[in-house]
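My notes follow in the order I made them.

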Amino acid sequence: MRKILISSAALILTATTSFADIQAPPGAAYTSTRKLGRAISNILYGIVEIPEQIVRKNEQYGRKAGWSYGLVDGTQRAFSRVGYGFYELVTFRCPTFHGTFKQPYMKCGQDNRIEMNVHDGLSEFPPELGFETYYTGHVRSQKY
């Protein structure tokens, strides 16, 4: 009887002190609706890669490189993005990338919202032209 009490006490103690992250698994943010949204945005706004790369190459390498290398690189990236968009549109109900709904192309940098390294693949969503609104509600301001 004593062994049963000690065993059950140890089991209860172990069960109450062990924690597991079962509420939000790592792939919970990537669903079929996010994949469909990513497909539609890649199809509609993939062409934005052309002026975006022209501006980036212009800032990085100069005017001539911006209009030559930026135009060619932007066109290649736009075709890639639109192609991935149609692929994801057709397969948005199926987890195609390693059994998940994540994007099949490489992400850049450490922040998935902003493409930090333009030489290492595509960000998840197409870039925005002009004023980027990623941090609109999350900045601090000094009031005097």
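Predicted model: local features only at pLDDT ≥ 70, side-chain atom pairs only at ≥ 80, totals over all residues.

**Entry 1**

Is E49 buried or exposed? Its relative accessibility is 0%, so E49 counts as buried. I then looked for the partner of its side chain. E49 forms a salt bridge with R81, at 2.9 Å from N to O. R81 lies in helix α4 and E49 in helix α3, so this pair ties together parts that are 32 residues apart in sequence. I checked the burial of R81 as well. R81 has 0% relative accessibility and counts as buried.

A reminder to myself: side chains of opposite charge can pair when their charged atoms come close.

**Entry 2. E88 and R38**

Next I looked up E88. Its side chain meets that of R38 in a salt bridge, with 3.1 Å between N and O. Which helices does this pair tie together? E88 lies in helix α4 and R38 in helix α2, which spans residues 32-45, so the bridge joins parts 50 residues apart in sequence. I then checked both ends for burial. E88 is buried, at a relative accessible area of 0%. R38 is also at 0% and counts as buried.

**Entry 3. D73 and K57**

I moved on to D73, which lies in helix α4. D73 forms a salt bridge with K57, and the closest N and O atoms are 3.2 Å apart. The pair links distant parts of the chain, with D73 in helix α4 and K57 in helix α3, 16 residues apart. I found the two side chains listed as a polar contact too, at 3.2 Å.

Are D73 and K57 buried or exposed? Both are buried. For D73 I noted the value: the relative accessibility is 15%, and the cut-off for buried is under 20%, so D73 counts as buried.

I then searched the whole structure for salt bridges, and the search gave five.

**Entry 4. How α3 and α4 pack**

Helix α3 covers residues 49-61 and helix α4 covers residues 63-90. What is the angle between them? They pack at about 145°, with their axes 7 Å apart. The crossing of α3 past α4 is right-handed. I also sorted the residues of this contact by type. Eight are nonpolar, six are polar and six are charged.

**Entry 5. R56**

I stayed in helix α3, where R56 is found. R56 is buried, with a relative accessible area of 18%. I noted that this value sits under the 20% cut-off, so R56 is classed as buried. What does its side chain contact? It makes a polar contact with the side chain of E52, at 2.7 Å. I also took a backbone distance. R56 and G70 are 14 residues apart in sequence, and their C-alpha atoms are 7.4 Å apart in space.

**Entry 6. Aromatic rings**

I asked how many aromatic pairs there are. The count comes to one. The pair is Y61 with Y69, and it is tilted. The ring centres are 6.0 Å apart, and the planes make an angle of 55°. I checked the accessibility of both. Y61 is at 45% relative accessibility and counts as partly exposed. Y69 is at 36% and also counts as partly exposed.

**Entry 7. T91**

I looked past the end of α4. T91 lies in the segment after α4. Is T91 buried or exposed? T91 is buried, with a relative accessible area of 15%. A polar atom of its side chain lies 2.8 Å from the backbone oxygen of Y87.

**Entry 8. The whole protein**

Last, I stepped back to the overall fold. The protein has four helices and zero strands. Along the sequence the pattern reads α-α-α-α. What share of the protein is buried? Of its 144 residues, 27% are buried.

Technical notes. Residues numbered from 1 in each chain as written. Heavy atoms only, no water. Axes fitted to C-alpha atoms, helices over the stretch in contact; angles between N-to-C directions. Helix = DSSP H or I, 4+ residues; strand = E, 2+ residues; numbered from the N terminus. Left-handed = near helix turned anticlockwise from the far one by under 90°. Nonpolar A, V, L, I, M, F, W, Y, C, P; charged D, E, K, R; others polar. Salt bridge = Lys/Arg side-chain N within 4 Å of Asp/Glu carboxyl O. Buried < 20%, exposed > 50% of the residue type's maximum accessible area, 1.4 Å probe, protein only. Phe/Tyr/Trp six-rings, centres within 6.5 Å; stacked < 30°, edge-to-face > 60°. Polar contact = N/O pair within 3.5 Å; in protein donor to acceptor, adjacent residues only side chain to side chain.
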